[in-house]
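Here is a short tour of one model, written to be read with the viewer open. Take a look at the strands and the packing between them before reading on.

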Amino acid sequence: ASWSPDSEWIAFSRTTMGHKEDVFIVPADGGEAVNVTLHPNDDFQPQWSDDGKRLSYASRTDEGQYMLKYAWLTRDDYWKTDDEREEDREAFEEAASDSIDVEVRIDFDGLNDRVHTVATMRGYYDFYAATPSGHHYAFKSGSLGRDNLWIVDWRGNRLTQVSEGGSDPRELTWNDDGTTCHYIDGGVLRSVSIDPGSSSVSGHGVLGFSVPMTVDVFAERRQM
């Protein structure tokens, strides 16, 4: 489940037809849950953008197609130009710096018609990670053979494989400013950084850590 930025709504997925799920939105204080995907694919993992204008989710078919999608929550935002959306984003970031709260508005009528498909790849029931702004997505796909990490921008224009050799990335997460994605690869913590403006990869990293551990040798011997 995912809480809206203003904590007034909850988005979640549940099975509606056999094993397949749909995404629903329900008021946080209770009420009727509205199905906002309404199609036979398996739709799951809803996530709100931090400005409350879009709801992202993953969608898959039994044949192995994996799609990243988002829906514009209001008709007004859906019909805006890219320049108008950029102005809205700048206004949101300025308001956020002044600690002005977000108010989420939803036009449920026709919401399923305001869905944009970001990318379609090979994949199954795999979880993605979106930056807080929802402008970049990281996900696992085996479209070129073995599973690797991919990153794409919200318009679907910059689709890039960012790991090699069948990394099988898991536990994907972005930092707060949406510049670095962290993931686990074979038990190793790794990271990939991007330039949010150009969506180009700016670096890879391995995250080391240490944990103090005390071994009670006498207790171990008693267990033998």
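In what order do the 4 strands of the open sheet lie? This is a predicted model, and in it the order is 5-6-7-8, with antiparallel pairing. Strand 5 (42-48) and strand 8 sit at the edges, each pairing on one side only. From one strand to the next, the twist averages 20°.

Let's zoom in on one pairing. Strand 5 and strand 6 (residues 54-60) run antiparallel and are joined by 5 bridges. Phe 44 has Ala 58, in strand 6, as its bridge partner.

Now for the packing. The largest nonpolar core has 16 residues, and Tyr 66, Leu 68, Val 118, Tyr 128, Tyr 137 and Phe 139 are those with the most contacts inside it. Strand 7 gives the most to this core, with 4 residues. The elements giving two or more residues to it are listed here:

| Element | Residues |
|---|---|
| strand 7 | 65-72 |
| strand 8 | 115-122 |
| strand 10 | 136-141 |
| strand 11 | 148-153 |

A second, separate core has 13 residues, among them Trp 9, Val 36, Trp 48 and Tyr 57.

How confident is the predictor? The protein chain averages a pLDDT of 91, and 100% of the residues score at least 70.

Note on methods
Residues are numbered from 1 along each chain as its sequence is written. This is a predicted model: local features need pLDDT of at least 70, side-chain atom pairs count only at pLDDT 80 or more; totals for chains, interfaces and linings use all residues. Side-chain values use heavy atoms; hydrogens and water are left out. A nonpolar core is a set of buried Ala, Val, Leu, Ile, Met, Phe, Trp, Tyr and Cys residues joined through side-chain atoms within 4.5 Å. Buried means under 20% relative accessible area, exposed over 50%, partly exposed in between (1.4 Å probe, protein chains only). pLDDT is the predictor's confidence in each residue, from 0 to 100. Two strands pair if DSSP finds at least two bridges between them. Axes are lines fitted to C-alpha atoms, for helices over the stretch in contact, and angles run from 0 to 180 degrees between N-to-C directions.
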